[in-house]
Amino acid sequence: MTIRQEYPRPQLIRQDWLNLNGEWDFEFDDQNIGLGEKWFKNNREFQQKINVPFAYQSKLSGINDSTFHDWVWYRRKFEIPDSMIGKQIIMHFGAVDYRAMVFINGNLVGTHEGGHTPFLFDITNYLINGTQSVVVRVEDPSIEETIPRGKQYWIEKSDGIWYTRTTGIWQTVWLEAVNKTHINKVKFTPDIDNGDIIIDVELTGDYINKNLEIDITFKGDNVANDSVKIHEGFFRRSINLYNRKIFRTGFHHAGWNWTPESPNLFDVNIRVREKAQVLDEITTYFGMRKIHTENGMVYLNNKPYYQKLVLDQGYWPEGLLTAPSEQDLRKDIELSKEMGFNGCRKHQKVEDPLFLYWADKLGFLVWGECAAAPSYSEEAVARLTNEWIEIINRDYNHPCIVTWVPLNESWGVPLICNNEQQKHHSAAMYHLIHSLDTTRLVISNDGWELTKTDICAIHNYNHGHKDEFEKYNEFRNSVLTKENLLNSRPAGRRIYTKGFDHCGEPILLTEFGGIGYKVGIESGWGYTSVLSEEDYIADFERVMKAIYESNSLHGFCYTQLTDVEQEINGILTYDRTPKCNLKRIREINDMWHKNVIN
């Protein structure tokens with residue numbers, strides 16, 4: 001049995017924790033009778049076993065059933081380790097799709113709605129002597145089209161661009177022991193224009209007149225040590241890191257800043273101390289990084305930066321939305337960088353924090369996206385809004401994330417061209433995200449029918465085959481002009497929806513390619529298709545050459561990293577086997593230097 005054992009929250013690490021992944025009791029509740037019959041008590045024997053955190057639809061769960069089951073139950077027994085006794089015990093859930101009720105020893109401790117973000121409960125007052133019991137009831141409406149579903153299909157059999165659903169627990173479940181007085185949240189905001197890191201700390205418990213200590217190191221060397229007496233539960237500190245040292249600023253190469261080429265990270269240790277006693281201690285990290293737009297280009301750390309992204313669906317053949325291991329998350333980044341991509345658009349999914357950790361460590365840009373609802377309703381607006389608040393709360397500190405993408409191809413706003421309410425929703429998401437995060441770019445509706453946006457993100461798969469000159473002509477340099485791009489109608493849709501116009505935003509081609517090539521499977525589809533490795537490389541080069549030669553585009557996102565189920569648009573197969581010589585893909589991607597200002 002594959003058990004995910006790694007520490008699940010690399011942005012805030014404590015030493016006293018317990019992983020609850022592995023075998024749990026499991027039961028389908030197709031008649032929705034479990035609550036009435038009080039299955040959360042210990043008088044119900046569940047009939048199946050499941051390997052958490054893999055959804056029952058996946059092979060690694062041990063169940064591998066892709067049929068609809070809208071209500072499911074989990075149960076597990078556990079014991080509190082001796083090292084945790086006497087402290088507050090927090091139970092964490094990385095992600096549960098979609099609505100969760102959590103019971104400890106037969107008592108409801110809390111509920112959560114939203115399938116892609118973490119939540120936690122203080123279970124201290126519900127514990128008993130000896131063995132504990134946790135029961136989780138999950139509701140995941142299989143055909144509901146106003147919940148954020150992403151690529152999870154609301155019809156039972158996968159088809160087209162839609163894949164197998166994920167129901168229930170799909171990220172790590174774990175316990176954490178904390179002192180009554182502890183750090184609740186840490187937020188890092190880099191300011192490279194002044195050389196400062198702004199640190200926000202929120203505390204809970206009896207923190208008054210305690211000391212807060214912050215130690216910052218860079219590549220093992222001490223950079224700053226700060227200590228202050230605490231009087232309130234919120235604390236902000238600005239610490240200058242460049243300290244009048246010119247080569248730290250990025251004046252020469254990256255300096256101490258974070259880039260994909262030089263992923264510099266600062267290690268941080270934060271303690272709450274009462275005299276000689278350490279009440280709480282965490283380790284974390286941050287990167288000095290700035291992203292903004294200027295003169296129709298994207299700037300990274302105040303220098304123009306050409307983004308070479310690959311679309312990453314984040315699915316695995318045995319785990320679906322859940323990677324089999326941390327190393328599988330890391331491997332996808334390493335393979336992408338090996339092919340010459342400097343980032344990814346994580347498509348219709350809020351990825352495991354460990355993926356973002358490795359993107360931070362290895363140097364890999366990420367466009368953060370959320371699963372969309374297919375249809376529009378006021379409930380869908382509330383659900384998407386709540387998820388985005390939780391997404392930014394979870395991921396704010398990752399330097400790898402440079403762009404947020406709340407909407408894609410008018411999913412969830414299908415009538416946006418003429419519907420004022422849906423236009424307001426798109427614009428509102430743009431402004432909401434900027435109200436929570438001023439350090440990143442926001443795209444209002446990636447692909448077409450944009451409202452207020454920081455990037456003009458265009459999708460176009462109309463490159464055809466090499467002998468389809470009419471289609472290919474759209475991708476030739478003479479045609480890929482700014483005016484022609486803005487006047488194009490991908491999928492018959494306007495680039496900007498009615499009432500909105502291009503205001504000088506950088507233009508990026510954020511979905512294109514999708515060359516289908518069958519390797520090791522009997523059937524599948526792509527936007528175009530080839531029959532050999534040689535033809536695949538030739539077609540990839542033909543399309544990419546046109547993109548790189550365009551003077552109007554300032555970056556791209558190629559579709560896509562891997563095959564997924566019936567979709568065979570990947571450079572890699574579903575199990576991450578390269579379909580061609582990756583050195584050739586790298587050589588083609590290295591044509592990028594013509595569009596970069598060093």
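This is a predicted model: local features need pLDDT of at least 70, side-chain atom pairs count only at pLDDT 80 or more; totals for chains, interfaces and linings use all residues.
The largest pocket holds about 970 Å³ of space. Its lining is made up of 38 residues, and those nearest the centre are Arg9, Pro118, Leu120, Asn393 and Arg394. The greatest share comes from S13, which supplies six residues. By type, the lining residues of the largest pocket are 18 nonpolar, twelve polar and eight charged.

Aromatic rings come next. A pair of such rings is described by how far apart the centres are and by the angle between the planes. The count of aromatic pairs in this model comes to 36. One of them joins Tyr7 and Trp17, with ring centres 4.8 Å apart; the planes stand at 80 degrees, so the pair is edge-to-face. Tyr7 belongs to the segment before strand S1 (17-19), while Trp17 is in strand S1 itself, so the pair ties together parts that are ten residues apart in sequence. Tyr7 counts as buried because its relative accessibility is 13%, under the limit of 20%. Trp17, with a relative accessible area of 23%, is partly exposed.

A second pair is formed by Phe26 and Tyr74, whose ring centres are 5.1 Å apart; with the planes at 70 degrees, this pair is edge-to-face as well. Phe26 is in strand S2 (residues 22-28) and Tyr74 in strand S4 (residues 71-78), so that the pair links distant parts of the chain, 48 residues apart. Phe26 and Tyr74 are both buried.

Aromatic residues also gather in a cluster, made up of Tyr306, Phe512, Phe540, Tyr548, Phe556 and Tyr558. The charged end of Arg44 is placed over the ring of Trp39, at 4.0 Å from the ring centre. Arg440 lies over the face of Tyr396, and here the distance to the ring centre is 5.7 Å.

The peptide bond from Asp97 to Tyr98 is cis, with omega near 15 degrees, and Tyr98 is in the loop between strand S6 (96-97) and strand S7 (99-104). Thr559 and Gln560 are also joined by a cis peptide bond, with omega about 0 degrees. Gln560 is part of the loop between strand S32 (555-558) and helix H8 (582-589).

Positive phi values are found in residues other than glycine too. Asn301 has phi near 55 degrees and is in the loop between strand S21 (297-300) and strand S22 (303-304). At 9% relative accessibility, Asn301 is counted as buried. For Gln348, phi is likewise positive, near 55 degrees. Gln348 lies in the loop between strand S24 (343-346) and helix H2 (353-362), and its relative accessibility of 5% makes it buried.

Note on methods
Residues are numbered from 1 along each chain as its sequence is written. Side-chain values use heavy atoms; hydrogens and water are left out. On a 1 Å grid over the protein atoms alone, a cavity is a set of points where a 1.4 Å probe fits but cannot get out, and a pocket is an open set with protein on both sides within 12 Å along at least five of seven lines; lining residues have an atom within 4 Å of a point. Grid points are joined across faces, edges and corners, and a volume is the space filled by probe spheres set on the points. Helices (H or I, at least four residues) and strands (E, at least two) are DSSP runs, numbered from the N terminus. Ala, Val, Leu, Ile, Met, Phe, Trp, Tyr, Cys and Pro count as nonpolar, Asp, Glu, Lys and Arg as charged, and the others, Gly among them, as polar. Rings of Phe, Tyr and Trp (its six-membered ring) pair if their centres lie within 6.5 Å; planes under 30 degrees apart count as stacked, over 60 as edge-to-face and the rest as tilted. Buried means under 20% relative accessible area, exposed over 50%, partly exposed in between (1.4 Å probe, protein chains only). A charge sits over a ring if NZ of Lys or CZ of Arg is within 6 Å of the ring centre and within 35 degrees of the ring normal.
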